[in-house]
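I opened the model and kept notes as I went. The entries follow in the order of looking.

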Amino acid sequence: DIGIDEWLYHLDREDIVAEFAHLQIDISDPHGLFELLDTRKTRVLERDNFVLGCMRLKGSANATTLAKLQVKLERLVDDLRTVFEVASRSSDT
């Protein structure tokens with residue numbers, strides 16, 4: 001397990017940078033990447049979460065993946081609008 005300070009230290013190592021480049025994982029925002037990998041929000045990267053997170057992020061997203069994500073986000077926004085409208089009407093009565 002490593003915390004953010006150790007994470008940042010290791011991302012300065014050339015061999016680590018090379019490994020992430022080989023996996024096509026962008027490390028230009030090390031804090032943001034740490035947050036993406038810290039799925040349990042413990043502020044610590046556990047080995048299993050790190051490996052699974054890297055597998056999930058490996059490679060670049062293609063247009064189809066991004067389009068699917070956009071559709072899902074648009075549906076989520078629509079669902080949230082509906083929930084807020086219903087809640088607003090309920091509080092008005």
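What is the mean pLDDT of the chain, and what share of its residues reach 70 or more? I looked this up before anything else. The mean is 87, and 97% of the residues reach 70 or more. pLDDT is the predictor's confidence in each residue, from 0 to 100.

Ground rules. This is a predicted model, with local features needing pLDDT of at least 70, side-chain atom pairs counting only at pLDDT 80 or more, and totals for chains, interfaces and linings using all residues. Residues are numbered from 1 along each chain as its sequence is written, and side-chain values use heavy atoms, with hydrogens and water left out.

Largest pocket. I found about 320 Å³ of space in the largest pocket. Of the 14 residues that line this pocket, Ile 2, Trp 7, Ile 16, Phe 20 and Phe 50 are the closest to its centre. A pocket here is an open set of points on a 1 Å grid over the protein atoms alone, where a 1.4 Å probe fits, with protein on both sides within 12 Å along at least five of seven lines; lining residues have an atom within 4 Å of a point. The volume is the space filled by probe spheres set on the points, which are joined across faces, edges and corners.

Which helices each supply at least two residues of the lining? I noted H1 (4-10), H2 (14-22) and H4 (47-57). Helices are DSSP runs (H or I, at least four residues), strands likewise (E, at least two), numbered from the N terminus. By class, the lining has nine nonpolar, one polar and four charged residues. Nonpolar covers Ala, Val, Leu, Ile, Met, Phe, Trp, Tyr, Cys and Pro; charged covers Asp, Glu, Lys and Arg; the others, Gly among them, are polar.

Asn 49. I placed this residue in helix H4. Asn 49 counts as buried because its relative accessibility is 11%. The cut-offs are under 20% for buried, over 50% for exposed, and in between for partly exposed (1.4 Å probe, protein chains only). Leaving aside neighbours within four places in sequence, Asn 49 is in contact (heavy atoms within 4.5 Å) with Leu 37, Thr 39 and Arg 40.

Salt bridges. How many does the structure hold? I counted four. The criterion is a side-chain nitrogen of Lys or Arg within 4 Å of a carboxyl oxygen of Asp or Glu. Arg 40 pairs with Glu 46, closest N and O atoms 2.5 Å apart. Arg 40 is exposed at 53%, while Glu 46 is partly exposed at 22%. Asp 15 and Arg 13 form another, at 2.6 Å. In Arg 81 and Asp 78 the closest N and O atoms are 3.4 Å apart. These two are three residues apart in helix H5, so about one helical turn separates them.

Backbone. Which residues other than glycine have positive phi? I noted Gln 24, near 60°, and Arg 43, about 65°. Gln 24 sits in the loop between H2 and H3 (30-37) and is exposed at 53%. Arg 43 lies in the loop between H3 and strand S2 (44-45) and is exposed at 65%.

Helix H5 (63-92). I found Thr 65 here.
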